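This briefing concerns the structure shown below.

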Amino acid sequence: MNRDEFEQQWLSDLPDSWMEKRADFLCNPYRSTVDPSIFGDELVAHYSIPSVQETGGPVIQPASQIDSSKLSIKEPTLLVSKLNPQKKTICLSEPNPNYNTVASGEFVPIRSNTIDRRYAYYVWCSEKVTDRLSALVQSVTRSHARVDPTEITKLPWKWPPLDTQHRISRVLDEKTARIDVLIEKKRTLLDRLAEKRQALITRAVTKGLDPTVPMKHSGIDW
């Protein structure tokens, strides 16, 4: 099967009425870099790989702590990591109103005036795209796997009309927000259960199984 046949098969489960177009035909070329040393000891908003994975956003840190050139974020930009694509390190970055904003060079920046940004975010977050990029990694080490940036920017896709993109992204925003609330509640419950588990262990090893057993002072303050 040649590449064209593979692409047709890969897109076959998307609606026929949607426009088939490679992403780079709809996006604006953009990759502006900056050396953080020009900011001296100023604080910057840094979209690092760890911060996006942990919080979905940037970390505020001194520019002097950043040791390599970074992407300069001057406009709202979709950032898609080329590193370990199965981890879905993807975010919608915004220039911080108070700090110069930079991003890791491991991100591929995507901007477009013809695609809904949030719809594009959900496209690159989808399992379909994640599986594709994971299958196309070229540079692999014990802890890192990188995909060629062109595989990200030249993603073949069938794009719905812009108003449909808006509707899809709004629905996904609402539904994922509800799910995030449920996840947070579950996480809080798990934290409480973990505390209860630890208290149970401590009580059992210090008092035994009978909590009413009389205690004797050891003579040691602690």
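Helices (H or I, at least four residues) and strands (E, at least two) are DSSP runs, numbered from the N terminus. The model is predicted: local features need pLDDT of at least 70 and side-chain atom pairs count only at pLDDT 80 or more, while totals for chains, interfaces and linings use all residues. Residues are numbered from 1 along each chain as its sequence is written, and side-chain values use heavy atoms, with hydrogens and water left out.

**Nonpolar cores**

- A nonpolar core is a set of buried Ala, Val, Leu, Ile, Met, Phe, Trp, Tyr and Cys residues joined through side-chain atoms within 4.5 Å; buried means under 20% relative accessible area, exposed over 50%, and partly exposed in between (1.4 Å probe, protein chains only).
- The largest nonpolar core has 26 residues, of which Trp124, Trp157 and Trp159 touch the most other members.
- Two or more residues of this core are given by each of strand 6 (77–81), strand 7 (90–93), strand 9 (107–110), helix 3 (117–125), helix 4 (127–135) and strand 12 (156–159).
- Helix 3 supplies the largest share of this core, 5 residues.
- Another core, of 10 residues, lies apart from it and includes Tyr30, Leu79, Cys91 and Phe107.
- In soluble globular proteins, nonpolar side chains tend to be buried together.

**Surroundings of Trp157**

- Contact here means heavy atoms within 4.5 Å.
- Neighbours within four places in sequence aside, Trp157 is in contact with Trp10, Leu11, Leu14, Met19, Glu20, Lys21, Tyr119, Val123, Ser126, Lys128 and Val129.

- Strand 6 is largely enclosed by the rest of the structure, because 5 of its 5 residues are buried.
- Thr77, Leu79 and Ser81 point one way from strand 6, and Leu78 and Val80 the other way.
- Two strands pair if DSSP finds at least two bridges between them.
- Within strand 9, Ile110 is the bridge partner of Leu78, and Phe107 stands opposite Ser81.
- From strand 9, Phe107 and Pro109 point one way and Val108 and Ile110 the other way, and all are buried.

**The loop between strand 6 and strand 7**

- Asn84 is found in this loop and has a positive phi of about 45° although it is not a glycine.
- Lys88 is also placed in the loop between strand 6 and strand 7, and its phi is positive, about 55°, although it is not a glycine.
- Most residues other than glycine have a negative phi.
- Asn84 counts as buried because its relative accessibility is 6%, whereas Lys88, with a relative accessible area of 28%, is partly exposed.

**Partly exposed positions elsewhere**

- Pro15 has its place in the loop between helix 1 (3–10) and strand 1 (19–22).
- The relative accessible area of Pro15 is 32%, so Pro15 is partly exposed.
- Pro15 and Lys88 are 73 residues apart along the chain, and their C-alpha atoms are separated by 25 Å.
- Leu43 is found in strand 3 (residues 43–47) and is partly exposed, with a relative accessible area of 38%.
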